[in-house]
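Morning, everyone. Please have a look at the sequence and the structure, and then I'll walk you through a few spots.

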Amino acid sequence: MNSRTFSQTTAGPRIQLLRDAMKRHHVDACLIPSADPHLSEYLPGRWKGREWMSGFTGSVANLIITADFAGLWADSRYWSQAEAELAGSEIVLMKTPSGNSLLHLDWLAANLPAGKTLAVDGAVLGLATARALEQALTKGGSKLCTDIDLLGEIWSDRPGLPMADVYQHQAPHAPLARGAKLASLRQAMQEQGAQWHFISTLDDIAYLFNLRGTDVNYNPVFVAHALIGPQRTTLFVADGKVPEAVREALIADGVDLASYAQAAESLASLPTDAVLLLDPRRVTLGLRQAVAAGVKVLEAINPTTFAKSRKTEDEIAHVRATMEQDGAALCEFFSWLDQALGKETVTELMIDTQITAARARRPGFVSPSFSTIAGFNANGAMPHYRATPESHATISGDGLLLIDSGGQYVGGTTDITRMVPIGQPSQAQKRDCTLVLKGVIALSSAQFPRSIKSPLLDAIARAPIWAGGVDYGHGTGHGVGYFLNVHEGPQVISGSAAPDAHTAMEPGMITSIEPGTYRPGRWGVRIENLVLNQFAETTEFGEYLRFETLTLCPIDTRCLDVSLLRSDEINWLNAYHAEVRQRLSPHVRGDARLWLELRTQPL
C-alpha cells in the first residue's frame with residue numbers, strides 16, 4: 001500500500017480510534033513522538049506508532065491529535081515527503097526549521113486551554129523533553145499525563161519485541177575486549193562519584209558489550225537496557241535472544257542476563273544509598289520515574305558515548321581498509337551505471353539494488369547503513385527522498401542524479417553522497433555542484449583548535465555557498481559509528497545545534513561533511529565524505545586538529561564548472577583523486593578499473 005492510499009483510507013479511522021480512547025481517559029490531546037524506550041533514531045516496528053497513525057514514513061516527526069485537530073511537525077528535510085504522504089488525510093503539516101525544534105511544545109502551550117490534559121506515553125518520552133514539555137504546559141495551566149499508553153489500547157496488531165539472535169563483534173575487528181571497556185566505564189563512573197549507571201541507548205550497549213544485532217533496520221544493534229554496578233553488570237534483553245555460547249562469554253566477563261521487562265524493577269530495587277548515573281538526554285521519563293526513592297541521581301552524558309566516538313588506532317586502521325573495499329564496490333557500481341545509461345532503462349529503484357549488490361561482494365559487508373537515496377532532478381531536491389515501486393523516476397534526459405548510500409561492515413560504517421551527470425547538466429546545475437564542492441573542500445582543509453565545539457565549524461562549509469547567495473536547511477555533518485549507527489553523537493556540525501561542552505571535537509572522531517543545495521521541483525545537490533579528526537600541531541595557543549578524508553570515491557568533474565574553482569581548490573581535488581586512484585587500484589579490475597582511472601584524471 002503506498003503512502004497516499006494509506007492517508008486517504010487508513011489514517012482517518014485510526015485517528016478516530018485514538019480520539020475515542022482519549023475520551024475514555026478524559027484526555028484532550030495526545031502527543032505521539034518518533035521514539036522508543038531507547039530514544040532511537042530508527043525504530044523497531046513495535047514503536048513505529050507515529051507512522052502507524054499518520055502514514056508518514058520519515059524518521060523524525062511529532063504527531064499531535066486533539067478532538068478537532070491533527071498536526072505533524074517535521075523539519076525541512078521531510079517537507080516534500082510529508083506533503084505527499086499526508087495528502088488526503090486531515091493531518092496538517094507543521095513546518096519546523098530543524099529536527100531539534102520544540103515548536104510543537106509551543107503550539108501545545110498556546111492551544112491547550114487551562115485545565116486540559118495532554119497524554120504522552122512516558123515509556124517513550126525522553127526525560128529532557130518531558131521537562132521542557134511540563135514547563136510549556138505549566139505556563140498555560142494544562143496538565144501532562146504519562147502513565148497511559150493510548151496507542152497500546154487501539155493498535156490491535158502491534159508488533160512484539162524483535163527476537164533475532166544477538167551475536168558477538170569479535171577480534172580483530174573489535175580490538176578492545178568487553179572486560180576492558182567495562183573497567184574503563186567503571187573508572188569514569190568512579191570519577192563522577194557513581195556506583196551505578198543505567199544505559200538505554202542501543203548503540204552504547206552494543207559498543208560496551210561488543211555485541212551486535214538486527215533489531216533495527218540498517219543499525220547493527222539490539223533492543224536492551226543495561227545496569228552497571230560496582231562488581232557485576234546486568235543486561236536486560238528479551239528471553240531467547242542470546243545464544244548459549246554468547247551467554248557464557250558474557251557471564252565470564254561479569255555480565256548477568258535478565259528479562260527485558262525487568263529493567264524498571266531493577267531500578268526500583270536499587271539500594272536507597274546508591275548513587276546512580278543517568279544521561280537525561282538518553283533515558284525516558286518512565287525509567288527515571290522507576291528509580292527508587294532516596295537514590296541519588298547524577299545527570300551526565302553516558303561515558304560510553306564519548307568512548308565510542310573516539311576510535312582507537314586499531315579501529316581506524318580497520319576503517320581505512322573498509323573504505324578501500326567500499327570505494328572499490330562503488331567503482332564497480334558507477335562503472336555499471338555509466339555503461340547502462342542510454343543503453344537500457346535505468347530507474348531510481350535500480351540504483352539501490354545495484355549498489356547494494358556491489359557492496360555485498362566485498363569482504364566484511366553486513367548490510368546497508370541506511371536506505372539508499374537515489375534522486376533524479378526534482379527528486380534530488382528532497383534530502384531524505386526514497387524511491388518506491390509506486391513512485392520513482394526513470395533516469396533519462398538531462399540533469400543531475402544524487403546518490404546517498406552507505407554500508408555496514410565488520411570493520412566500519414560508511415556514508416557517501418556523489419552527484420552523477422545525466423546527459424548534459426545545465427550551467428546552473430554545474431554552478432550548484434561547484435559551490436557545494438567548494439564547501440566540502442573548505443571544511444575538509446580546515447585546521448581548528450582541539451575541543452572546539454563542533455557546531456561552530458558549520459559556517460566554514462557554508463561560507464563558499466553563502467557567497468553564491470545559496471543555503472541549505474540541514475546540518476553539515478554528523479558523527480559516524482564503528483560498525484554501529486550511521487548517525488552518532490556527541491559531535492554534530494550544525495548551526496542549529498547548541499555548542500554544548502559534550503560536542504567538543506577530539507582526536508579519533510569520525511564525522512561526515514555533507515553540504516548541499518536544494519531547488520524544490522528542479523534539482524538537489526549534495527556531496528559527502530567521512531573525515532577523521534587527526535592531531536595537526538601544538539602551538540603557543542594550544543593543540544590543533546585537522547581532518548583526514550576517509551571516503552575513497554571519485555567526485556565526478558563533469559558536474560563542475562571548473563572556472564569557479566581557485567587553484568588551491570583544484571589542487572585539493574587533484575590530490576584527493578590521486579590518493580583515491582592509488583588506494584583503490586589494487587582492489588578493482590576490468591571496467592571498474594578503467595572507470596576509476598578515467599574519473600580520477602587531474603584537472
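A definition before we start: axes here are lines fitted to C-alpha atoms, for helices over the stretch in contact, and angles run from 0 to 180 degrees between N-to-C directions. Keep in mind that this is a predicted model.

With that, take helix α15, residues 348–360. It lies across β15 and β18, and runs at about 165° to β15.

Now the sheet itself. It is open, with 3 strands in the order β15-β18-β19, and the pairing is antiparallel. The edges are β15, 365–368, and β19, 412–413, each pairing on one side only. Between β15 and β18, residues 407–409, there are 3 bridges. Which residue of β18 is the bridge partner of Ser 367? That is Gln 408.

Next, helix α8, residues 178–191. It has 14 residues and reaches 20 Å from its first C-alpha to its last, close to the 20 Å expected. Which of its residues are buried? Arg 178, Lys 181, Leu 182, Leu 185, Ala 188 and Met 189. Those residues cover an arc of only 120° around the axis, so they sit on the same side of α8. On the other side, Gln 190 and Glu 191 are exposed. After the helix comes Gly 193, with a positive phi near 85°.

Last stop, His 577, in helix α18, residues 567–584. Buried or exposed? Its relative accessibility is 1%, so His 577 counts as buried; the cut-off is under 20%. Leaving out residues up to four places away in sequence, His 577 touches Pro 554, Ile 555, Thr 557, Arg 599 and Thr 600.

Notes
Residues numbered from 1 in each chain as written. Predicted model: local features only at pLDDT ≥ 70, side-chain atom pairs only at ≥ 80, totals over all residues. Heavy atoms only, no water. Helix = DSSP H or I, 4+ residues; strand = E, 2+ residues; numbered from the N terminus. Expected span 1.5 Å × (residues − 1). Buried < 20%, exposed > 50% of the residue type's maximum accessible area, 1.4 Å probe, protein only. Arc of directions from axis to C-beta. Contact = heavy atoms within 4.5 Å. Pairing = 2+ DSSP bridges.
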